[in-house]
2 protein chains.
Amino acid sequence: MTALEQYISSFFGVPDNDLTAIANYFQPQQLRKQEYYLKAGQVCDTLSFQHSGLTRFFVQLPEKEVTQWIGTPAYFVTDLNGLFFGKPARCSIQALEDCELFTIHRKDYQQLGEKIPSWHELEKRFIARCFTYMEDRVFNLLAMSAEQRYQWLFGMHPGLFNQVPLQYLASMLGMTPETLSRIRKKQLS
Amino acid sequence: MTALEQYISSFFGVPDNDLTAIANYFQPQQLRKQEYYLKAGQVCDTLSFQHSGLTRFFVQLPEKEVTQWIGTPAYFVTDLNGLFFGKPARCSIQALEDCELFTIHRKDYQQLGEKIPSWHELEKRFIARCFTYMEDRVFNLLAMSAEQRYQWLFGMHPGLFNQVPLQYLASMLGMTPETLSRIRKKQLS
DNA sequence: TCCTTCTCTTGACAAAAATCAAGAAGTTAT
DNA sequence: ATAACTTCTTGATTTTTGTCAAGAGAAGGA
């Protein structure tokens with residue numbers, strides 16, 4: 001079983017035949033550090049699984065830059081607004097380190113749904129999962145203090161804090177780098 | 001064309017045959033003011049379109065209560081964590097006023113996907129839409145001040161502020177009722 | 001290797017928002 | 001209609017978080 005097949009099956013039960021067929025639609029793609037997967041304003045017409053490396057989803061505002069999300073292995077990389085609704089992206093997606101992806105283009109993507117019925121179900125569950133994750137984030141931002149949000153992320157992905165510049169994680173947590181730095185200092189004691 | 005068919009078709013292009021067939025799977029449901037659609041801890045096994053009235057999605061914490069979302073006509077009502085993943089709900093869903101819904105139960109729901117292929121696509125786009133909405137909310141909470149978040153919601157749904165107790169909207173916007181009250185006072189001048 | 005650049009930390013201060021408390025206004029039930 | 005509740009507003013104060021500025025440390029390029 002290939003790495004991609006493992007990703008797909010690790011999320012949801014899919015018949016083995018379909019698994020191979022689905023995986024065959026995806027092509028390997030390299031992304032060098034600093035390279036863009038997507039630039040703000042473009043319409044995203046690809047969907048990828050991230051195999052290795054890290055990506056950063058961020059929005060450039062006049063006054064500041066907001067990191068929305070750090071993409072880690074075994075997750076989707078795409079902009080749903082582009083892929084589904086043909087809208088230009090607000091956020092850019094850039095490689096924080098060299099990345100290996102498995103990518104499918106929109107035209108193949110539509111065939112996938114027609115030829116392999118289980119793909120629809122798979123994808124639906126995948127998106128639903130993304131939605132519930134976002135729901136959690138909204139809840140955290142509504143209900144938790146900066147310190148509690150830090151503890152939540154650190155509890156889920158302690159490794160991220162060694163791999164990703166802290167300023168990006170601070171932004172993703174809705175606080176300034178200074179505040180994150182102070183919270184981390186406090187955690188030591 | 002029934003009201004439900006109109007809701008469905010207003011979102012996405014679906015063949016007319018399928019539209020009627022899909023709509024037939026849904027049953028009308030009444031919800032009295034204060035009545036619960038779902039209580040925290042239950043596993044949600046229904047999906048509804050909201051036809052009239054308002055619903056409130058909220059989480060009860062030991063110290064406080066957090067309103068996650070106000071459900072308005074023409075939107076989904078459900079807990080995806082329950083419907084897709086069989087997990088108990090963190091949030092309760094309660095009618096703020098008398099509501100009319102169109103509801104489908106999980107068992108019929110699975111048939112729907114098997115018998116009417118376009119439903120999968122429709123639903124996928126619907127969930128994707130919910131996801132991008134949540135993405136916007138996360139972005140707003142990360143990037144905007146309390147005042148900007150108020151203006152955003154007021155710009156989208158000015159009517160809500162006359163229908164929903166302000167304390168719930170304040171919570172949904174990630175601020176206290178006092179802060180919302182002061183922001184609204186400031187907007188008058 | 002040295003120099004530049006980027007990242008993180010720290011302190012002093014400012015701003016935003018939360019908390020506490022009281023009272024006004026509006027609803028609901030009897 | 002009145003009493004009991006709930007909701008909203010306002011002021012005073014505290015807490016949290018952001019801003020500005022400086023410097024230490026680490027990473028990367030010539």
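This is a predicted model: local features need pLDDT of at least 70, side-chain atom pairs count only at pLDDT 80 or more; totals for chains, interfaces and linings use all residues.
Good morning. The C-alpha centres of domain 1 and domain 2 of chain A lie 24 Å apart. Chain A is divided into domain 1, residues 3-143, and domain 2, residues 145-189. In their contact, domain 1 of chain A contributes 16 residues and domain 2 of chain A contributes 13 residues.

I turn to the extent of this interface. The size of an interface is often given as the accessible area lost when the parts come together. Between domain 1 and domain 2 of chain A, the buried area is about 1200 Å², and carbon and sulfur atoms give 64% of it. On the side of domain 1 of chain A, the residues that lose the most area to domain 2 are A:T67, A:I70 and A:N140; together they account for 33% of what that side buries.

What is the count of polar contacts between domain 1 and domain 2 of chain A? It is 2 residue pairs, both at pLDDT 80 or more.

Which elements of domain 1 of chain A give two or more residues to the side that touches domain 2? They are β5 (65-71) and α5 (117-143) of chain A. Of these, β5(A) gives the most, with 6 residues. By class, the residues on this side of domain 1 of chain A divide into 8 nonpolar, 4 polar and 4 charged.

I now move to the DNA. Among the atoms of DNA strand D within 4 Å of the protein, 65% belong to sugar or phosphate, and the rest belong to bases.

A polar backbone atom of A:T176 is 3.2 Å from a phosphate oxygen of DNA strand D. The side chain of A:E178 places a polar atom 3.1 Å from a base nitrogen of DNA strand D. From chain B, a polar side-chain atom of B:R182 lies 2.6 Å from a base nitrogen of DNA strand D.

Two or more residues of the surface near DNA strand D come from each of these elements: α9 (177-188) of chain A, and α8 (166-172) and α9 (177-188) of chain B. Which element supplies the largest share of that surface? It is α9(B), with 4 residues. The classes represented near DNA strand D are 4 nonpolar, 6 polar and 6 charged residues.

Thank you for your attention.

Note on methods
Residues are numbered from 1 along each chain as its sequence is written. Chains are lettered from A and ligands numbered from 1 in the order in which they are written. Side-chain values use heavy atoms; hydrogens and water are left out. Domain bounds come from an automatic or database domain assignment. Contact means heavy atoms within 4.5 Å. Buried area is the accessible area (1.4 Å probe) that two parts lose on being put together, summed over both. A polar contact is a pair of N or O atoms within 3.5 Å; within protein, one must be able to donate a hydrogen and the other to accept it, and residues adjacent in sequence count only if both atoms are side-chain atoms. Ala, Val, Leu, Ile, Met, Phe, Trp, Tyr, Cys and Pro count as nonpolar, Asp, Glu, Lys and Arg as charged, and the others, Gly among them, as polar. A residue is near a molecule or strand if one of its heavy atoms lies within 4 Å of it.
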